[in-house]
Amino acid sequence: MALSHAILVSLTDRAQSGYDLAKRFDQTVGFFWPVSHQQIYQELHKLAKADWVRAETITQADRPNRIVYELTDPGRAALAAWVTEPTTPPSFKEELLVKLFALDSDNRDALLAEIARRRSLHGERLARYEAIMAEHYPNPAALNARKRGRYLGLRMGILTERTTLAWCDEALALVGSTAS
């Protein structure tokens, strides 16, 4: 997936400024496709040049002018074509797993501490996801198509975090029981 497609998806509901888009991105798509705000602004300029989005400058008296981006018909067509393309299961780089390949008595305590730290971070993320779920998706069967898609993304995030927490618990127990 290209960043351009994630931005086009984020613009399907309404026109947004780059700032608003980046902020919304952080709270939605950014959970599984993290990028910097600078990358979003750079991509918006490229999308405007390709005529996939239209930029409109809104003059503001007491603040800098605001640029609002809106999806164009060619952008909608590009998004529609992209949605029909097959996807590849993700692969990921996980530094902690590589470090665990080096597990020995000299680094056992450091790795236990890192696993515990990771467990805490994943617990926080799960709590954030579950709060979003409770607030926005209490009845998935009643959701429209677009919201069902968002629900499913969030649901995968919740299941992934639960699985990761279970793995952390298993890793803590097993590494903790490793003979010195």
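Here is a short tour of a predicted model, one selection at a time.

Start with helix α1, residues 3–10, and helix α2, residues 18–27. Their axes lie 11 Å apart and cross at an angle of about 100°, which makes α1 roughly perpendicular to α2. To see where they meet, show side chains: L3, A6, I7 and S10 come from α1, while L21, R24 and F25 come from α2. Sorted by class, this contact holds five nonpolar residues, one polar and one charged.

Next, select I7, L11, F25, I40 and L44. Within the largest nonpolar core, which has 17 residues, these five touch the most other members. At least two core residues come from each of α1, α2, α3 (37–49) and β3 (66–71), and α1 is the top contributor with four.

Now centre on I40. Which residues does I40 contact, leaving aside neighbours within four places in sequence? You will find L3, I7, L21, A22, F25 and V35 around I40.

Then move to a second, separate core of nine residues; Y129, M133, Y137 and L154 are among them.

The model has two aromatic pairs, and F31 with Y129 is an edge-to-face one, with 4.9 Å from centre to centre and 70° between the planes. F31 sits in the loop between α2 and α3, and Y129 belongs to helix α6 (residues 108–136), so the pair ties together parts that are 98 residues apart in sequence.

Note on methods:
Residues numbered from 1 in each chain as written. Predicted model: local features only at pLDDT ≥ 70, side-chain atom pairs only at ≥ 80, totals over all residues. Heavy atoms only, no water. Axes fitted to C-alpha atoms, helices over the stretch in contact; angles between N-to-C directions. Parallel < 35°, antiparallel > 145°, perpendicular 65-115°, else oblique. Contact = heavy atoms within 4.5 Å. Nonpolar A, V, L, I, M, F, W, Y, C, P; charged D, E, K, R; others polar. Core = buried A, V, L, I, M, F, W, Y, C linked by side-chain atoms within 4.5 Å. Buried < 20%, exposed > 50% of the residue type's maximum accessible area, 1.4 Å probe, protein only. Phe/Tyr/Trp six-rings, centres within 6.5 Å; stacked < 30°, edge-to-face > 60°.
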